[in-house]
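This report concerns the pairing of charged side chains and the solvent exposure of the residues involved. The structure is shown below.

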Amino acid sequence: MWRRTWEIIRERQIFLADFWNHGTVTDGCISSGRSSGGGYMYIDWNGSVTPCVFVPYSPVNIKEVYAGGGTLTDAWADPFFAGIRQWQEDYEKDNGRHGNWLAPCIIRDHHDDFRRLLIEHEPDPSDSSAEEALMDPEYEQGMVAYGAAYQELSGEVWKKQYLRAEETGRSESDARIRGKG
C-alpha cells in the first residue's frame, strides 16, 4: 500500500492524504495537537475532544470547557493529550535521530503504550464500540501483536528507503516526501 500510494502520487501529480501511510510527510503522528510541527485534535458532534478521529477516547468536552469559561487551549492542556504529546517526543528521541514515521500511530502501531495512557488518565470512550474495545483483552492482545508485526515490516522499509537516504547524502526531506531512498 505504501509503494502504491507513492506511485499514484508520482503518476497523477496529486497528493493522497493518508494518516497511516504518510507519516513521513508530517514527521509522525499529528494527534493531540502535537507540539512540534503542528498537529490537530478531533471534536465530534457531541463536543467530545479526542486526540484523533481514529482514537475514540475523550478526557474533555469542549461545550463544558467553554461553559466554564475555558478555551480550546484549556482542552489541549489536558493531561491525556499532554501524555500523548510527550510520547510523540519520546518516540522520536528513543528511535535514534527519528522514530519510524511509517509506524507512528500510538493506537495502531504502539497500542501497549496507548493502553498505559488510557489507564493512567481514564478518558471516556466516545461510543459503545470504543468501550467494548477497552474491555476486550483479545482486542488489546491483537492490537499489540499487530503493532509489533507492522513495526518489523515497516522498519525494513523505513531503514532502506528513508534512513539510507540520509547516509547517501540525499536530503532527508527529499526522501521523506518522495517516499523513496
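Glu-120 is exposed, with a relative accessibility of 53%. The model is a predicted one, and Glu-120 forms a salt bridge with Arg-116, the closest N and O atoms being 4.0 Å apart. Arg-116 is partly exposed at 42% relative accessibility. The two residues lie four positions apart in helix H6 (residues 111-121), so about one helical turn separates Arg-116 from Glu-120.

The count of salt bridges in the model comes to five. Side chains of opposite charge can pair when their charged atoms come close.

| Pair | N to O distance |
|---|---|
| Arg-116 and Glu-120 | 4.0 Å |
| Glu-11 and Arg-4 | 3.6 Å |
| Arg-108 and Asp-109 | 2.7 Å |

What is the setting of the pair Arg-108 and Asp-109, buried or exposed? Arg-108 has a relative accessible area of 9% and is therefore buried, since the cut-off for this class is under 20%. Asp-109 likewise counts as buried, at 4% relative accessibility. The salt bridge between Arg-108 and Asp-109 thus joins a buried arginine to a buried aspartate.

The pair Glu-11 and Arg-4 belongs to a network of salt bridges that links Arg-4, Glu-7 and Glu-11.

Terms used: Residues numbered from 1 in each chain as written. Predicted model: local features only at pLDDT ≥ 70, side-chain atom pairs only at ≥ 80, totals over all residues. Heavy atoms only, no water. Salt bridge = Lys/Arg side-chain N within 4 Å of Asp/Glu carboxyl O. Buried < 20%, exposed > 50% of the residue type's maximum accessible area, 1.4 Å probe, protein only.
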